[in-house]
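Here are my notes on the model you sent over. Have a look at the sequence and the structure first, then read on.

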Amino acid sequence: MELCHKWGIPHSQFKGHGDGTWTDLDRRKALAYADHQRQACPACGTRPDEWDEQAGGDEDAYRATTHRCIGCQLIADKQKTVPEGDEGHGVKVALIPTSVHAALQLLNTHD
C-alpha cells in the first residue's frame, strides 16, 4: 500500500489486475492505509495500540537502539562551521557526491 500511495495507483493495478480504475475495494484499502499512517507518531513512527496491552499491543513492543549514519555525521560536522547570526541565516548543509563537488570546485577556479 505504501507504493500505491506514493505512485497514486489503485492496489488492484499494483497487483496486476484491472485497468487502473479505482474499485470500491481499492478506495477502502487506500482510506484504511491513510488512517493507519495518521495514527503513527511523527517522531518515532509507532502507534498507540502497539503499546497498549488492552488493544493487543505490548509495552515492550520496541527497543531503542543506536545507529550512526555517516552522512548525518558529515552534515552535523559541517553545520558547526555555519556562522551565527545574519551571516548564517538561510545557510543549508547538504550532501553531494564527491565527483560533483570536484567538478564544482573546478568550475569555481575558472571563474
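Which residues form a nonpolar patch on the surface?

1. The patch is made of I96, V100, L104 and L107, and together they have about 340 Å² of accessible area. Patch members need over 30% relative accessible area and no salt bridge, with nonpolar side chains (Val, Leu, Ile, Met, Phe, Trp, Tyr) joined within 5 Å and like charges within 9 Å. A salt bridge here is a Lys or Arg side-chain nitrogen within 4 Å of an Asp or Glu carboxyl oxygen, and the areas are Shrake-Rupley values with a 1.4 Å probe, where only the protein chains shown count as cover for residues.

2. Before going further, the ground rules: this is a predicted model, with local features needing pLDDT of at least 70 and side-chain atom pairs pLDDT 80 or more, while totals for chains, interfaces and linings use all residues. Residues are numbered from 1 along each chain as its sequence is written, and side-chain values use heavy atoms, leaving out hydrogens and water.

3. Back to L107, which sits in helix α6 (residues 98-109). Helices are DSSP runs (H or I, at least four residues), numbered from the N terminus. L107 counts as exposed because its relative accessibility is 54%; the cut-offs are under 20% for buried, over 50% for exposed and partly exposed in between.

4. Cysteines next: the disulfide count is 0, going by sulfur atoms within 2.5 Å. C41 is in no disulfide, as its nearest cysteine sulfur, in C44, is 3.9 Å away. For C69 the closest one is in C72 at 3.7 Å, so that is too far for a bond as well. C41 is partly exposed at 31%, and C69 is partly exposed at 35%.

5. There are 2 aromatic pairs (ring centres within 6.5 Å, using the six-membered ring of Trp; planes under 30 degrees apart are stacked, over 60 edge-to-face, the rest tilted). W7 and F14 have centres 6.4 Å apart and planes at 50 degrees, so this pair is tilted. W51 and Y62 are tilted too, because their planes are at 45 degrees, with centres 5.5 Å apart. W51 is partly exposed at 33%, and Y62 is partly exposed at 39%.

6. Last one: S12, in helix α2 (residues 11-14), is buried at 15% relative accessibility. The S12 side chain makes a polar contact with the D26 side chain at 2.7 Å. Such a contact is an N or O pair within 3.5 Å, with one atom able to donate a hydrogen and the other to accept it within protein; sequence neighbours count only if both are side-chain atoms.

How values were computed:
Helices (H or I, at least four residues) and strands (E, at least two) are DSSP runs, numbered from the N terminus. Buried means under 20% relative accessible area, exposed over 50%, partly exposed in between (1.4 Å probe, protein chains only).
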